[in-house]
Amino acid sequence: MKVLFIGDIVGAVGRETVSRQLPLLKQQYAIDLVIANGENAAHGKGITRRIYNQLLTCGIDVITMGNHTFSKNDIYQFIDEAERMVRPANMEPLEYGEHTVVIKVQGKRVAITNLSGEVWMNNVIDSPFYCMEDILQEVEADIYLVDLHAEATSEKIAFTYCFADRLSAVVGTHTHVQTADERIVYGCAAITDLGMCGAYTSVLGRDVNEIVTRFTTQEKTKFKIAEGEGIFCGALVDIDDATNRAIGIKRIQIRPEHVEC
């Protein structure tokens, strides 16, 4: 089974980049399952019903979220109906949506879980380590995949080693900067951060001049989304059909050509 994980989709540029690159990647790698982080998909903060449906239409199977899950009020109107979206299990409010979805892929029950790290994150009410233990006890599946939306690299790496013997993949999201540490740990594919899909010439998907101004003058800004050509970041994980364990992970980064920073 080949699973493509896509890093944080940031704004319209990110959505356009994914819709353009995803069909090509599916054809090139014969991908069976596509999981993407969509918590920044609506103008860089949150998601709407329209964008949720747009992402599914372009070929994404499951959308994971993060600390901006509830940034758009529209989310409350459809999250309980969004069967292909998961939100962090340990982040308030807890009464909306699901933290884990189980789907059938090639006859296998694949569980996709969304968790938040505790370090430097708001509204987190429980440890992702404790939550994951509960989920493994409660959810029956053949393959378990986790998007750990977290700031601290140490927390994401420690989580991987803690659960590597029971999970088939742990991918980090949130920082928008792809890490070069993809690896297999005891049959679990891991990468500390997938990176982002958004404007290449940007500061984490935001307008460069605005962010530089904020740092140099302390002037409060609105975090305007950057425009221009996009970068695509993600990772392709190969899971053995016999053992349900990961046997390969390939970091994917597609940069635009001829862009001057």
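Biologist: In what sense do strands β6 and β7 pair, and over how many bridges?
Modeller: Strand β6 (residues 100-105) and strand β7 (residues 108-116) are antiparallel, with six bridges. Strands count as paired if DSSP finds at least two bridges between them. Helices (H or I, at least four residues) and strands (E, at least two) are DSSP runs, numbered from the N terminus.

Biologist: What sort of model is this?
Modeller: This is a predicted model, where local features need pLDDT of at least 70, side-chain atom pairs count only at pLDDT 80 or more, and totals for chains, interfaces and linings use all residues. Residues are numbered from 1 along each chain as its sequence is written, and side-chain values use heavy atoms, with hydrogens and water left out.

Biologist: Back to that hairpin. Which residue has a positive phi?
Modeller: Q106, near 50°, in a hairpin with two residues between the strands. V105 has K108 in β7 as its bridge partner.

Biologist: And β13 with β14, over how many bridges?
Modeller: Eight, in the antiparallel sense, between residues 230-239 and residues 246-254. D238 stands opposite G248 in β14. This hairpin has six residues between the strands, and N244 takes a positive phi near 65°.

Biologist: New topic. Which residues of helix α2 are buried?
Modeller: I51, Y52 and L55, in a helix that covers residues 49-57. Buried means under 20% relative accessible area, exposed over 50%, and partly exposed in between (1.4 Å probe, protein chains only).

Biologist: Why do they line one face?
Modeller: Seen down the axis of α2, the buried residues fall within an arc of 105°, so they share one face of the helix. The arc is taken from the directions from the helix axis to the C-beta atoms. R50 and T57, on the other side, are exposed.

Biologist: What does the buried side pack against?
Modeller: β2 (8-9), α1 (11-29), β4, α3 and β5 (85-86). Contact here means heavy atoms within 4.5 Å.

Biologist: Which residues touch the most others in the largest nonpolar core?
Modeller: L4, I6, V18, I47, I60 and M85, out of 30 residues. Such a core is a set of buried Ala, Val, Leu, Ile, Met, Phe, Trp, Tyr and Cys residues joined through side-chain atoms within 4.5 Å. Helix α1 gives the most to this core, with four residues. A separate core has 24 residues, among them V110 and I239.

Biologist: How many aromatic pairs are there?
Modeller: Seven. Rings of Phe, Tyr and Trp (its six-membered ring) pair if their centres lie within 6.5 Å; planes under 30 degrees apart count as stacked, over 60 as edge-to-face and the rest as tilted. Y52 and F78 form a tilted pair, 5.7 Å centre to centre with 40° between the planes. Y52 is in helix α2 and F78 in helix α3, so the pair ties together parts 26 residues apart in sequence.

Biologist: Last one, T69. Where is it?
Modeller: T69 is in the loop between β4 (62-64) and α3 (75-78). T69 is buried, at 2% relative accessible area. Not counting residues up to four places away in sequence, T69 touches E39, I75, I79, R87 and P88.
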